[in-house]
Amino acid sequence: MTPTSSEPSVALPRLGVLYNPRTVEILSLARVSPGRWRTVWLVDRELNAQVGARRLLRRFGEVIDITGLSMAEAATCITEPLDGILATNDPDLVRAAELAEQLGLPHFCPAQVARLNDKFLQRQALQAAGLPTPGCVRIPAGMSLDAAVAAVAGLSYPAILKPAHGASSRATYAVSNADEVGQRFAERLDYPSEDFVVEERIPDGWAPADSPWADYLSVESLAVDGEITHFGITGRGQLAEGFRETASIMPPALAPAEWPALYGLAAAAIRGLELSSGVFHTEIKLSADGPRVLEVNGRLGGGSISWLAERVSGYSLLAAAGLVNLGRPPAPVPVPANTNGVGFAVYVQPPYEAREVVDITGADEVRAIPEVDELVLTRRPGDQVNPPEEGSQSVVAIIRGLAADHVRVAELLAQIEKSLQFSYR
């Protein structure tokens, strides 16, 4: 059903949405806003060049152009007060915090966003809160290669090298010793243009060959004034080279009796970062030493998690996120949250060395699978890919649907991998 643009304005709060086409689906947000809030799109044309998208935005709310403006300047363009701000990606969390500070709105403060977005600062905060954390060293932009190697010599290996500010496993590498850190940096033509971290690798929970499911998952949480509610848990498929995601499943292939401990760990991490309100996506590794926090994100999880939540339970995490960012309690989470089979989202990742899509076959065969709701080709023949730099965003196709159980999902993963074929160069 197509959302309607006619929203009753009486008594509805105004929600400012920092629009980014990579993380905001216009129609999805327009579908959940009626009766909850009036949408005010905050649009930077340098990030959103498509004229058609801006026309669509105007159908479903007010549009304010903030192109080239600081958040202090953007605040002066907002003539009718906002009641909250929604950001759906890490860079926009920074802008949302700055704008909220200018407008006196509830949101993360800049210091809280720094703890959420900076992987080194977050590790420090979690360690100070008493949570088990791996050793972590920051390599600041401008540090020489020799100094970088010396700085990480005291860590235990294997370890992971990644940007201090980054998402989707962009430019993320497994390293086996300090010298390999130097080699990886030497391979980057733009080194040292940004801060990196080297973090000791948390021990694996099981070998990839032993299960179709990865040994990490995520907890989706909502908090208002210190009251934390957990929606549910999302499992993962085994990672592709470069720590790229290949599948999300909801609920996870994990006994429900194990969920409370993971909810408790996620809540401890949120509180350890001194956060009392917001939407949180906490990634947890099921290591051989017990569950360990990988990271906490102050936004909805990507990777089709909102879609999966609605598909398996009917609950809109997007609507909940809007209400929470208005300082209002979300709709009660269904208990149990996941009751309608197992939702899956498959992300077809190109080989690590691939740089261009040449050909695609088998899409119609996959679309004909009864459990498949949709297949979206995100790259076409001739499109460029760069897995090392794009991370999980190098995905070439997304397949989403609902199956009866985890056994069937595992069968579908194998069937999709066999049927949908890409060639590259």
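Let's start with helix α14: the parts that cover its buried residues include β11 (247-250), β14 (342-348), β15 (357-361), α12 (363-367), β17 (397-403) and β18 (421-424). This is a predicted model, where local features need pLDDT of at least 70 and side-chain atom pairs count only at pLDDT 80 or more, while totals for chains, interfaces and linings use all residues. Residues are numbered from 1 along each chain as its sequence is written, and side-chain values use heavy atoms, with hydrogens and water left out.

Helices (H or I, at least four residues) and strands (E, at least two) are DSSP runs, numbered from the N terminus. "Buried" means under 20% relative accessible area, "exposed" means over 50%, and "partly exposed" is in between (1.4 Å probe, protein chains only). Covering and touching go by contact, meaning heavy atoms within 4.5 Å.

**Helix α14**

- Helix α14 takes in residues 406-419, and at 1.5 Å a residue its 14 residues should span 20 Å; the end C-alpha atoms are 20 Å apart, which agrees. The expected span here is 1.5 Å times one less than the number of residues.
- Which residues of α14 are buried? They are Val409, Leu412, Leu413, Ile416 and Ser419.
- Looking down the axis of α14, you'd find its buried residues within an arc of 145 degrees, so they line one face of the helix. That arc is taken from the directions from the helix axis to the C-beta atoms.
- As background, an α-helix has 3.6 residues a turn, so residues three or four places apart point the same way.
- Over on the other side of α14, Val407, Glu417 and Lys418 are exposed.
- At the start of α14, the backbone nitrogen of Val407 has a side-chain oxygen of Asp405 within 3.3 Å. A polar contact is a pair of N or O atoms within 3.5 Å; within protein, one must be able to donate a hydrogen and the other to accept it, and residues adjacent in sequence count only if both atoms are side-chain atoms.

**Helix α8**

- Helix α8 (residues 178-187) has Ala178, Glu180, Val181, Gly182 and Phe185 as its buried residues.
- The cover over those buried residues includes β5 (136-139), α7 (145-151), β6 (159-163), β7 (173-175) and β8 (196-200).
- At the start of α8, a side-chain oxygen of Asn177 comes within 3.2 Å of the backbone nitrogen of Asp179.

**Aromatic pairs**

- Rings of Phe, Tyr and Trp (its six-membered ring) pair if their centres lie within 6.5 Å; planes under 30 degrees apart count as stacked, over 60 as edge-to-face and the rest as tilted.
- By this rule there are six aromatic pairs.
- One of them joins Tyr19 and Trp41: the ring centres are 6.0 Å apart and the planes are at 85 degrees, so the pair is edge-to-face.
- Tyr19 sits in the loop between β1 (14-18) and α1 (26-32), and Trp41 in strand β2 (residues 38-43), so the pair ties together parts that are 22 residues apart in sequence. Both Tyr19 and Trp41 are buried.
- For Phe422 and Tyr424, the ring centres are 6.1 Å apart and the planes at 15 degrees, so this pair is stacked. Phe422 is buried at 13% relative accessible area, whereas Tyr424 is partly exposed at 21%.

**A buried serine, and the cysteines**

- Ser304 is in the loop between β13 (290-297) and α10 (305-313), and it is buried, with a relative accessible area of 13%.
- What does Ser304 touch, not counting residues up to four places away in sequence? Its contacts are Ala345, Tyr347, Ile398 and Arg400.
- A search of the whole structure turns up zero disulfides (pairs of cysteine sulfur atoms within 2.5 Å).
- Cys77 is partly exposed at 32% relative accessible area, and Cys109 is partly exposed at 32%.

- Most residues other than glycine have a negative phi, and most peptide bonds are trans.
- The peptide bond from Tyr157 to Pro158 is cis, with omega near 10 degrees; Pro158 is in the loop between α7 and β6.
- Met250 and Pro251 are also joined by a cis peptide bond, with omega about 0 degrees; Pro251 is in the loop between β11 and α9 (259-272).
- Ser169 isn't a glycine, yet its phi is positive, at about 60 degrees. Ser169 lies in the loop between β6 and β7 and is partly exposed at 22%.
- Asp225 has a positive phi near 50 degrees. Asp225 lies in the loop between β9 (216-224) and β10 (227-236) and is exposed, with 67% relative accessibility.
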